[in-house]
Amino acid sequence: MLSYIVQRLVESLLVLVLMSFLIFGLIGLMPGDPIDLMISANPDLTPQDAERLRALHGLDQPIVTRYGNWLGAALQGDFGYSRLFSQPVMEILLPRLGNTVILMGISFVLALAIAIPAGILAALRPRTWLDGTVNMIAFAGISIPPFWLAILLIIAFAVLLGWLPAGGMPPADGGVGAYLLHLALPVATLTLASVGGLIRFMRASMMEALRQDYVRTARAKGLSTRDVVVGHAMRNAMIPVVTILALSFGTLFSGALITETMFGWLGMGKTIYDSIMGNDYNLAMIGLLLATVTTLLANVLADLAYAWLDPRIRYR
Amino acid sequence: MSAETGRPPLEGAALAAESGRAAGPPLTVGAILRRRFLRHYLAVASAVVLIVLALATLAAPLIEAMLGLDAEQVNLLGRFQGPSAAHPLGTDELGRDLLLRLLYGGRVSLLVGLMAALFAAVIGTVVGLIAGYYGGALDAVLMRLTDGVIALPLLPLLIVLAALDLTKLGLPEAFANSESASLYRIVFLIAIVGWTTVARLVRGAALSLKAREFVRAAEALGASGPRIMFVHILPNAVSPIVVATTLSVGGVILFESVLSFLGLGVQPPIPSWGNMLTNAQELIWSAPLLAVYPGLLIFITVIAFNFLGDGLQDALDPRAIQ
């Protein structure tokens, strides 16, 4: 088991290095470079000055050299300064990572709390009005554009009813109440946008489990429906769902980016979007890498949870 | 749903049993599939909705002529008008007719969605066939790549890709700055991340088909790998490809709308349902309906494609007989 964990972590590290090179290359292909931005800020710079600055900062070097320089600095903890915020990149990203974790965490737990019972109920009563309703909700959840859902919620709860703020971060001295009020609509958006797929997987997986021989055996030996469903079918139905959860982490993050942008929630997703739109190369680079790291770690964790849930799986 | 004539009933005990149960002459495969599909009333309704939408967007110039309007006519004195005989859905923030904007935007959104889904299906089919047929290390590498693409946070990466300077990639400046470049770019971008579902399904089909007698026979006759993949395996894997492609159109249209909404997809003045919502957030206090219509059309289109794919899956999957 331990050697498996180590192997997976080493693999993830390799993927991370590969991704960092890829992202570095892509960011180099974005319009302009830091010197262009200096020129636009200070029209007195002559073309000769620009060339000298490029040479000074190593921007005239081939991409592999530049990546090597960046990696060397990053490994020593120097991630550079943000152009938009004039602060070290990490000082901006870490608090925002916290905001994203809160938004994604609550939405994820809520989505699971809705999807697991809904999927099980639908699977227990296939082709009834209950199954049909759950199915319609799931399809609606998959098909609704998340940014439009956010607009609808703002129109309903902020414009028409006036119950909730239309966006923004809670004031620092507002206490827990204000915090929750500001969090309500973003969490609702992200939960509704991610619950559809989960319901469909849970239902399919539960249907499959209910067809198995051990469920018939459990029924035949006289266990109550509750024991059969919760103790036998559900435990096994959860196994494929856990894999899906890990794979859906990237989708959840994409949803968080839209939600944060719509509501002005200062999280990682909004920061990545703003940094790319504002040509803030250092911030975009580290933001994208942090998103990749969290995704990779979520995948490793899901693999371990998979082994823990299903004792038949043995890792070499 | 292809030609139902001329083909004898074949392929599996399930279909045979189903045709045997019916009174009268045995049904062809196509007739059985059609009957199964028609039972799925949501899928049938979705097909009708999609056809109506497509025809309406195709008829946009006719409707434009009928109303005697110009879709791009800006009228700053007639902004935010309510519905009237002249403007059935009213006007937008620049005084343009909303109905016509929606129809022309629908052309772009539907076309981009279908093109990207087809392009993605081609990539997915090739990857799936190679992985499934050759197996071994090649299969392992391709499937790890597929899992990796599925697991990545795609939207941030797409935003980077959409922000790239095309001239730095060596593309001619005239093309990079042209109006239609944003259309080609978004089709390409969505295709390179949208191929994974098709790849997995085709790989599964190829794995089971390559052990069948007709493939073994072709191998014994000395057919090359590509010939076996594309001539012998591919035609028998059409139904999973059709289902996966249909199901992916919805997701593709959503991606297009998100990127266009964020200002990175289809660029104005070309309208798309996504970029029509770009300014919607500022308008929700003054003209909330402007923020509702384009999103509603995206929602209806995407859910219709998803129901359609679901219905096709039930009709084409031999295991799904009730």
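**The interface and a helix pair**

In this predicted model, a salt bridge joins the side chains of B:Arg144 and A:Glu11, with 3.0 Å from N to O. Between chain B and chain A the count is two salt bridges. The two chains also have six residue pairs in polar contact, both residues being at pLDDT 80 or more.

Several helices of chain B form its side of this meeting. Helix H6 (136–151), helix H7 (154–163), helix H13 (238–261), helix H14 (280–283) and helix H15 (288–316) each supply at least two residues of the side of chain B that touches chain A. H15(B) gives the most, with twelve residues. By type, the residues on this side of chain B comprise 33 nonpolar, five polar and five charged.

The extent of the interface can be stated in two ways. In residues, the contact takes 43 from chain B and 45 from chain A. In area, about 3,900 Å² is buried between chain B and chain A, and carbon and sulfur atoms give 78% of that area.

H15(B) also packs within its own chain. Helix H5 (residues 98–134) of chain B and H15(B) pack at an angle of about 35 degrees, and their axes are 11 Å apart. The crossing of H5(B) past H15(B) is right-handed. From H5(B), the contact is made by B:Leu98, B:Leu102, B:Leu110 and B:Leu114, while H15(B) provides B:Leu290, B:Tyr293, B:Pro294, B:Leu297, B:Thr301 and B:Phe305. Nine of the residues in this contact of H5(B) with H15(B) are nonpolar, one is polar and none is charged.

How values were computed
Residues are numbered from 1 along each chain as its sequence is written. Chains are lettered from A and ligands numbered from 1 in the order in which they are written. This is a predicted model: local features need pLDDT of at least 70, side-chain atom pairs count only at pLDDT 80 or more; totals for chains, interfaces and linings use all residues. Side-chain values use heavy atoms; hydrogens and water are left out. Contact means heavy atoms within 4.5 Å. Buried area is the accessible area (1.4 Å probe) that two parts lose on being put together, summed over both. A salt bridge is a side-chain nitrogen of Lys or Arg within 4 Å of a carboxyl oxygen of Asp or Glu. A polar contact is a pair of N or O atoms within 3.5 Å; within protein, one must be able to donate a hydrogen and the other to accept it, and residues adjacent in sequence count only if both atoms are side-chain atoms. Helices (H or I, at least four residues) and strands (E, at least two) are DSSP runs, numbered from the N terminus. Ala, Val, Leu, Ile, Met, Phe, Trp, Tyr, Cys and Pro count as nonpolar, Asp, Glu, Lys and Arg as charged, and the others, Gly among them, as polar. Axes are lines fitted to C-alpha atoms, for helices over the stretch in contact, and angles run from 0 to 180 degrees between N-to-C directions. A crossing is left-handed if the near helix is turned anticlockwise from the far one by less than a right angle, and right-handed if clockwise.
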